[in-house]
Amino acid sequence: MTIHSTKTAATQALSLPEELVLMLLNEESGYFHQVPGWNLNCAVAGAALAELSLQTRVDTDMESLILLDETPTGSPVLDLVLLQIANETQQHNAQYWVEKLASRAEMMIDLTLDRLTSLGVLEYHDGDFWTLAPRARQSELFAGDGEDTAVEFIKPRIEKLIFGDDIPHPRDIIIIALVNTCDVLRFVFDLDENAEQRIQLLSHMDLIGRAIADAVAQNLVSPRSQASPLTKSIPTLPLRRMLMNRHLRNGNIPAAFADFAEECGPVFQVKAPLYGGPMTFIVGPQVNRWVHRYGRMYLGSGDYLRGLESAYHASGLLPALDGADHFRMRRALRSSYSRARLDQRIGEVCNDIRNHMEDWSVGDSWRAVTMCRRLVNAHLTPLLISVEAQDLFDDLVAYKIRALMTQVVNVMPKFLLKTRGMKKKAKAIDILRDRVLDSHTAAQREGCPRDHADDVLSLHQSDPVFLPESNLRFIFSAPLLASTYSGDELCFMVYAMISRPDIYAKIRAEADALFEHGDPNPKDINPSSIDVTHRFIMECFRLYPIVPMSIRNVMNSCVVENYELPIGSRVFIAQTASHYMSQVFPDPHTFDIDRYLPSRGEHRTTAYAPFGLGTHGCLGSHLVEMQLALALLMLAHYFELEVAPASYKLKISSFPSLSPNRKLKFTIAKRRHELVV
């Protein structure tokens, strides 16, 4: 992302809500020190009121809060609060306003994060993570024109006040009082008895700060008392009715769960005898928003994926990590899966695709899924780990599917992972690991562009406890396993393209223009040059999401849409069901690439979730989009494809992920351009 110049930001003072958010930032986890939701809402509301008081827009004491000036400040957060106060006909005290504004705190936090990001103070990372931007670490950043705002950056500034004897500014007193009310200071600083006493002294030095902090404290209620009225019983969907759903029978899981949500609501259970207990599903746009924003605090993947780790003799794999370790691993590997890596090697990727297609001849016909998976593996595996592995592909995929069936979803006995056949296939994991290690010595890699394996080995060498050698077997095989998911999505895309001749012609025209003078450079592939292709791909992601559902264990009891999910329960998050809900995507079963035009933008919410939600969202989503666009465009440029049999109607296989069924084949009808390798 673009980080704005600190020269511009340095002339702007941060407001109390912004400084409060920065005080709560925990860079180890990439999120914020966890304050119970209502407590945080009250603190944010209090910070906004205190800032308005410091700006003499309101006056407050222990008894009342009076509006002095309703002229907009230019701050979206403060102006939102001013408008609320101005529209009130009666005068109230600060406690009243803290409670009233707390219901708008979520919006206030979003606006605050947006501003801090636009100023270059915070850096946003995919998965809803934030860290302090590198340039914002300067101690004298964000000094204003006057003495009141000529201050050091927030955490060092507050630390000096707590552990020193400087005279504090009123805004520092307010920040200390608010953060202390949230009981977070002890997690930010290593406090001793003297520091605790100093905090209490500072918190009561300013009348405004005392009034706001007391108002916040008086509004805080225990989580138990908040949850007590939320005791709705989770409805049950009969298993027979579930199995009779026409979309489920056809393998279209997202569409099926859109139907179930319409019948049962956003939270429901299914009693499945073979599962060992009721299965709890959460579905819909509001659920997606909750999972994206709050799921990290309540839902964990570690217990659920422990069996997968066991199958690969690993521990602490990225999909099974939560919290700070998960964020640390994502940060370490994010460049591995970035689009920039593909951009740097786009010529190699195009050449790998052509090499794989070189032997294709007119009249050739292949099972569609196999064709697309192998095409993707031919360029994705060399890009990520710089080795060829087509010969190992089938064994690695077969072992992963058996591991999922026996160790994760438990639909097969565990001993079936240890049969003679599976042990033979498991050897491919070690062969691939050795292949990568042999090719990633210092001499072998000299002058080569950095790849995913380089990043993994660097992390292993720097911290072998965090990323042990035992994990390399799975991590190096992950690119091949990813080829199955990307390959299946490409298969859906090719089918959808062939089935819509008008769109096929437009994609072909964009492809021909792009490759007219040879391979494109990354700048050539932009929103205007592949407009139709890009919108087509987004619609395929909506209608045919490869991973339609996520599974998590509840690690902290929580309330979702007024239903309580108890600790230890397993939850199935049907995040792509909203793709088929008419309130989000009108006429959802219609293939319509115009949904993504700026004038409509139906995808601009968490209801559009083809890559998952929140912290466990796909780390390589931007890479995948680019990689699939390139593969689709090259197919359209070099060949004319047909569906076989011609009468085929799409059927979906739903396990272990969505893919067209085995009956679909693609036939080479014509070679449009020569393949120059």
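Reader: Where is S386 placed?

Author: This is a predicted model. In it, S386 sits in the loop between helix 21 (368–385) and helix 22 (390–408).

Reader: Why is S386 called partly exposed?

Author: Buried means under 20% relative accessible area and exposed means over 50%. S386 has a relative accessible area of 25%, so S386 is partly exposed.

Reader: What is the phi of S386?

Author: Phi of S386 is near 60 degrees, a positive value in a residue other than glycine. Most residues other than glycine have a negative phi.

Reader: Which loop holds E561, and what is its phi?

Author: E561 is in the loop between strand 12 (558–560) and strand 13 (563–565). Its phi is positive, about 50 degrees, although E561 is not a glycine.

Reader: How do you know whether E561 is buried, partly exposed or exposed?

Author: The limits are again 20% and 50%. The relative accessibility of E561 is 36%, and therefore E561 counts as partly exposed.

Reader: What makes A105 buried?

Author: The cut-off is under 20%. A105 has a relative accessible area of 0%, so A105 is buried. A105 belongs to helix 6 (residues 105–118). Leaving aside neighbours within four places in sequence, A105 is in contact with N41 and V44.

Reader: Which kind of peptide bond joins A644 and P645, cis or trans?

Author: The bond is cis, with omega about -5 degrees. Most peptide bonds are trans. P645 lies in the loop between strand 15 (639–644) and strand 16 (652–653).

Reader: What makes strand 7 and strand 9 edge strands?

Author: They belong to an open sheet of 5 strands with the order 7-8-14-11-9 and mixed pairing. Strand 7 (267–272) and strand 9 (299–300) each have a single partner strand, so one side of each has no neighbour in the sheet.

Reader: How do you know that strand 9 pairs with strand 11?

Author: Two strands pair if there are at least two bridges between them. Strand 9 and strand 11 (residues 550–554) have 2 bridges, in the antiparallel sense, so they meet that limit. L299 stands opposite V554 in strand 11.

Reader: In what sense does strand 14 run against strand 8 and against strand 11?

Author: Strand 8 and strand 14 run parallel and are joined by 4 bridges. T280 has V571 in strand 14 as its bridge partner. Strand 11 and strand 14 run antiparallel, also with 4 bridges. Here the bridge partner of N553 is R570 in strand 14.

Reader: What makes strand 14 mostly covered?

Author: Of its 5 residues, 4 are buried. Helix 15 (residues 253–264) lies across strand 7, strand 8 (277–283) and strand 14 (570–574). Helix 15 runs at about 110 degrees to strand 7.

Reader: How many residues does the largest nonpolar core have?

Author: This core has 138 residues, and L490 is one of those with the most contacts inside it. Helix 26 (residues 472–498) gives the most to this core, with 15 residues. Apart from this core lies another, of 63 residues, including L20 and I85.

Definitions and conventions. Residues numbered from 1 in each chain as written. Predicted model: local features only at pLDDT ≥ 70, side-chain atom pairs only at ≥ 80, totals over all residues. Heavy atoms only, no water. Core = buried A, V, L, I, M, F, W, Y, C linked by side-chain atoms within 4.5 Å. Buried < 20%, exposed > 50% of the residue type's maximum accessible area, 1.4 Å probe, protein only. Contact = heavy atoms within 4.5 Å. Axes fitted to C-alpha atoms, helices over the stretch in contact; angles between N-to-C directions.
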